[in-house]
Amino acid sequence: MTISKEKAVTTAIKEGKVYKEKLSNTIILIIYRDRVDNILKHLEIEFRPHNYQHLTGLLLSHRDSKTGELIVREHTAMEFYRRCTDIPYITPDEIVFNDEGTIDLKMAALPYITQITRITRMTGSYDNRTKIKLSADYIVGGVNSCIGVSKNSDNDRYYPCSCLSENIMNITKYTSQVLTIFQKEISSKDVYKDIKYVAKGLNLNKLIFPEYIREMISLENYMAESGTPR
């Protein structure tokens with residue numbers, strides 16, 4: 001059964017505030033070991049304010065004065081984000097669902113996605129045979145929820161394009177273990193220092209990073225004796 005507009009709006013506003021606090025205007029660096037060739041690789045994912053609307057599956061609309069029909073408003077991603085994070089908040093009577101067939105799954109996954117640095121344990125190339133309506137390059141997440149990410153056209157980074165209540169192993173060609181996750185502000189010119197996750201039992205000081213990844217990170221905030229961030 002499709003979630004009510006009231007519940008969807010409540011969830012979008014609640015998680016929008018978490019997105020603003022934890023993800024908006026930041027980049028996360030995911031370092032993983034490819035299961036096939038055993039090589040350490042990486043993904044950089046930008047989380048900008050306008051990306052949030054795509055994760056919710058909600059669209060802003062207005063009611064036609066003549067027909068009374070709800071008509072989707074174009075180019076409202078920034079307005080949607082602002083109105084999920086501050087007053088005046090979005091209201092149920094001005095939204096429509098982008099796809100009623102997936103809105104329940106998106107809303108169920110959204111609270112986990114705003115905790116993406118905590119739930120991500122695997123990544124893999126998206127298997128486009130599994131989801132006809134999804135367009136993505138990679139999937140990152142875990143066995144309960146994940147996000148699809150697509151490559152930016154102007155750099156080598158990715159952006160979140162879909163929120164999924166799915167087992168990542170069911171929608172990827174194969175999964176690879178995430179070893180560590182870093183995070184920094186998009187505006188930062190510095191290397192990554194803020195460590196958000198380290199795989200259990202892994203000591204980053206003993207990991208042999210490819211040179212190009214080594215140049216992207218700093219382990220100065222890492223406690224080698226415990227294998228965890230400070």
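These questions and answers walk through a predicted model, from a pocket to a sheet and a helix.

The model is predicted: local features need pLDDT of at least 70, side-chain atom pairs count only at pLDDT 80 or more, and totals for chains, interfaces and linings use all residues. Residues are numbered from 1 along each chain as its sequence is written, and side-chain values use heavy atoms, with hydrogens and water left out.

Trainee: What volume does the largest pocket have?
Mentor: Start with the term. On a 1 Å grid over the protein atoms alone, a pocket is an open set of points where a 1.4 Å probe fits, with protein on both sides within 12 Å along at least five of seven lines. Points are joined across faces, edges and corners, and a volume is the space filled by probe spheres set on them. For the largest pocket this gives about 540 Å³.

Trainee: Which element gives the most to the lining of the largest pocket?
Mentor: Lining residues have an atom within 4 Å of a point, and elements are DSSP runs numbered from the N terminus: helices (H or I, at least four residues) and strands (E, at least two). Helix 2 (52–56), strand 3 (58–63), helix 4 (103–113) and strand 9 (158–164) each give two or more residues to this lining. With four residues, the top giver is strand 9.

Trainee: Which residue in strand 4 is the bridge partner of Ser61?
Mentor: Strand 3 and strand 4 pair in the antiparallel sense over three bridges. In strand 4, the partner of Ser61 is Val72.

Trainee: Is Thr11 buried or exposed?
Mentor: Thr11 sits in helix 1. Buried means under 20% relative accessible area, exposed over 50%, partly exposed in between (1.4 Å probe, protein chains only). Thr11 has 12% relative accessibility, so it counts as buried.

Trainee: Which residues does Thr11 contact, leaving aside neighbours within four places in sequence?
Mentor: Contact means heavy atoms within 4.5 Å. Thr11 and Thr56 are 45 residues apart in sequence and 9.0 Å apart in space, C-alpha to C-alpha. With those neighbours left aside, the contacts of Thr11 are Tyr52, Met107 and Leu110.

Key. Two strands pair if DSSP finds at least two bridges between them.
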